[in-house]
Amino acid sequence: MREIVVCGESLVDVVATAAPNSDAPTLPALQPALGGGPFNVAITLGRLGSAVSFCSAVSTDDYGEAIVSALRHSGVGSTLVQRRGEPTSLALATIGTDGVAHYSFYLEGTADRLVTDPGPFAPTVSAVCFGTLSLVLEPGASVYETVLRRCHAEGRLVVCDPNIRSAVIADPDAYRRRFASWMESVDVVKLSDEDAAWLGLGRYGSRAADWIGAGVTAVLTTAGADGIHVTTAGGVSHVPAPRVTVADTIGAGDAIMGAVLHQLDHLGALSSAAVGELDADRWRQIAAFAVSVAGITVSRPGADPPWASELGGD
């Protein structure tokens with residue numbers, strides 16, 4: 001059995017459900033929802049039917065209990081979840097008129113950033129995914145960096161989604177250098193067009209060849225309604241996004257990351273060698289599946305990726 005481990009944070013998104021009324025000093029109603037980039041990726045994989053476990057530190061508070069329950073409900077293994085007494089991280093999300101979410105974070109002294117090294121994973125673990133706040137916030141970021149490099153050295157497929165949240169990055173240039181240093185140990189990178197620009201890769205990751213030269217096999221750049229650009233040593237492929245009515249964009253990129261991993265699993269390509277053998281047609285197939293999953297996710301509020309039964313097959 002091939003298994004995927006997703007490493008990183010879970011948190012609670014507190015979503016402002018409407019803009020405040022400019023004519024009156026009132027605040028919008030707030031709706032809590034479970035989230036966090038890696039958590040959403042794991043949930044997507046579980047719902048699509050891949051064997052997946054979540055590696056993180058999760059609070060023992062009520063929100064933490066809900067996080068663990070949601071993981072299990074979506075078929076995500078929780079044996080690698082470390083329980084801690086510190087509180088759950090919070091993200092305040094406001095939704096623009098275009099459906100795009102904007103975030104501010106409450107992260108000091110929270111459980112997820114205090115994760116400890118889980119040690120080597122079981123031999124059944126073929127692929128490991130990393131991303132978002134967990135790659136920034138210490139001391140957990142250094143723990144995950146150690147795990148990332150160890151997984152690569154052990155021959156496991158390593159996948160990464162930076163999911164840049166610039167508000168929590170105190171020294172942008174230092175983080176850019178640190179992130180670039182990981183590319184020799186990463187096989188597949190998924191990032192948004194905004195992430196690519198922030199990291200210096202240009203529009204649609206046009207300078208992603210630098211990472212390909214460092215050892216990355218594929219860089220997938222998402223661009224909202226424009227779909228996904230896939231850069232490999234063989235060139236760039238593009239798959240447009242389906243036209244949908246957008247409720248909000250919360251979890252869209254995470255759904256794509258989970259869908260890409262699920263397709264690699266479905267194709268028997270959960271290894272560095274197998275990913276390296278995928279041609280442009282296969283990558284277009286993978287990207288087309290990913291945008292279909294994201295299309296369903298953005299059509300309903302919050303990070304609510306589809307179940308396999310909603311897709312009518314892979």
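Helices α7 (residues 252-266) and α9 (residues 280-298) have axes that come within 8 Å and cross at roughly 140 degrees. The model is predicted: local features need pLDDT of at least 70, side-chain atom pairs count only at pLDDT 80 or more, and totals for chains, interfaces and linings use all residues. Residues are numbered from 1 along each chain as its sequence is written, and side-chain values use heavy atoms, with hydrogens and water left out. Helices (H or I, at least four residues) and strands (E, at least two) are DSSP runs numbered from the N terminus.

**Helices α7 and α9**

- Axes are lines fitted to C-alpha atoms, for helices over the stretch in contact, with angles from 0 to 180 degrees between N-to-C directions.
- The two helices α7 and α9 are therefore oblique to each other (under 35 degrees is roughly parallel, over 145 roughly antiparallel, 65 to 115 roughly perpendicular, the rest oblique).
- The crossing of α7 past α9 is right-handed (the near helix is turned clockwise from the far one by less than a right angle).
- On the α7 side, the contact (heavy atoms within 4.5 Å) is made by residues including Ala 252, Ile 256, Val 260 and Leu 264.
- On the α9 side, the contributors include Trp 283, Ile 286, Phe 289 and Val 293.

- Five of the five residues in β10 (residues 157-161) are buried (under 20% relative accessible area; exposed is over 50%, partly exposed in between; 1.4 Å probe, protein chains only).
- In a regular strand the side chains alternate between the two faces of the sheet.
- Both faces of β10 are covered, with Leu 157, Val 159 and Asp 161 on one side and Val 158 and Cys 160 on the other.
- Strand β9 (residues 125-131) runs parallel to β10 and is joined to it by five bridges (strands pair if DSSP finds at least two bridges between them).
- Strand β11 (residues 188-192) is also parallel to β10, joined by two bridges.
- Val 159 of β10 stands opposite Cys 129 and opposite Val 188 in β11.
- A right-handed β-α-β unit is made by β9, helix α3 (residues 140-153) and β10 (with the strands pointing away from the viewer, the path from the first strand over the helix to the second runs clockwise).
- Another right-handed β-α-β unit consists of β10, helix α4 (residues 172-182) and β11.

**Ser 74**

- Ser 74 lies in the loop between α2 (62-73) and β5 (76-77).
- Ser 74 counts as buried because its relative accessibility is 2%.
- Leaving out residues up to four places away in sequence, Ser 74 touches Ile 43, Gly 46, Arg 47 and Trp 307.
- Ala 223 is 149 residues from Ser 74 along the chain, and their C-alpha atoms are separated by 27 Å.
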